[in-house]
Amino acid sequence: MSPPLSSEPAPDLSVIIPVYNRDEVIRYTLESVRRASAGLAVETIVVDDGSTTPTADVLARLGFSPTKLIRQENRGLLFARLTGLGAATGRHVLFLDSDDLVSA
């Protein structure tokens, strides 16, 4: 199945971040991605792998809104990464864990 056609160019980078019960820690990862991606077209995909408190609630409270937020039942890191990869539209992909930091 080919991806849908779009008039918008693909992002330079898709950043995929699986999350499971990481509440406050995810803030630092997302902030580091925001700072490091200045000048690039980046989509941030957060995959909530069945966290007890939905990551959407945590992100809303922290004031972050990723490009895509996907919630699924807990299936583990590999499946969360595969879910994110399936939603990615960027020319390049970067997998991060929910406690990773990136620099420019």
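Predicted model: local features only at pLDDT ≥ 70, side-chain atom pairs only at ≥ 80, totals over all residues.
Colleague: Let's go to H2, then. Which of its residues are buried?

Modeller: H2 runs over residues 55–62, and Thr-55, Val-58, Leu-59 and Leu-62 are buried in that helix. Their arc around the axis is only 95 degrees, so they sit on the same side of H2. Ala-60 and Arg-61, on the other side of H2, are exposed.

Colleague: What covers the buried residues of H2?

Modeller: The cover includes strand S1 (13–19), helix H1 (26–36), strand S2 (42–49) and strand S3 (68–72).

Colleague: What does the backbone do just after H2?

Modeller: Gly-63 follows, with a positive phi of about 85 degrees.

Colleague: Back to the inside. How many residues are in the largest nonpolar core?

Modeller: That core has 13 residues. Val-15, Ile-17, Ile-26, Leu-30 and Leu-59 are the ones with the most contacts inside it. S1, H1 and H2 are the elements that each give two or more residues to this core, and S1 gives the largest share, 4 residues.

Colleague: What is Leu-59 in contact with, leaving aside neighbours within four places in sequence?

Modeller: Leu-59 is in contact with Ile-26, Leu-30, Val-46, Phe-64, Pro-66 and Leu-69.

Colleague: Now the surface. Which residues form the nonpolar patch?

Modeller: Leu-78, Phe-79, Leu-82, Leu-85, Val-93 and Phe-95 form that patch. Together they have about 520 Å² of accessible area. Helix H3 (77–87) and strand S4 (92–95) are the elements that give two or more residues to the patch.

Colleague: Which element gives the largest share of the patch?

Modeller: H3, with 4 residues.

Colleague: Take Leu-82, in helix H3. Why does Leu-82 count as partly exposed?

Modeller: Because its relative accessibility is 46%, and partly exposed is the class between buried, under 20%, and exposed, over 50%.

Notes: Residues numbered from 1 in each chain as written. Heavy atoms only, no water. Buried < 20%, exposed > 50% of the residue type's maximum accessible area, 1.4 Å probe, protein only. Arc of directions from axis to C-beta. Contact = heavy atoms within 4.5 Å. Core = buried A, V, L, I, M, F, W, Y, C linked by side-chain atoms within 4.5 Å. Patch = residues over 30% accessible without salt bridge, like charges linked within 9 Å, V, L, I, M, F, W, Y side chains within 5 Å. Areas by Shrake-Rupley, 256 points an atom, 1.4 Å probe, with all protein chains shown as cover. Salt bridge = Lys/Arg side-chain N within 4 Å of Asp/Glu carboxyl O.
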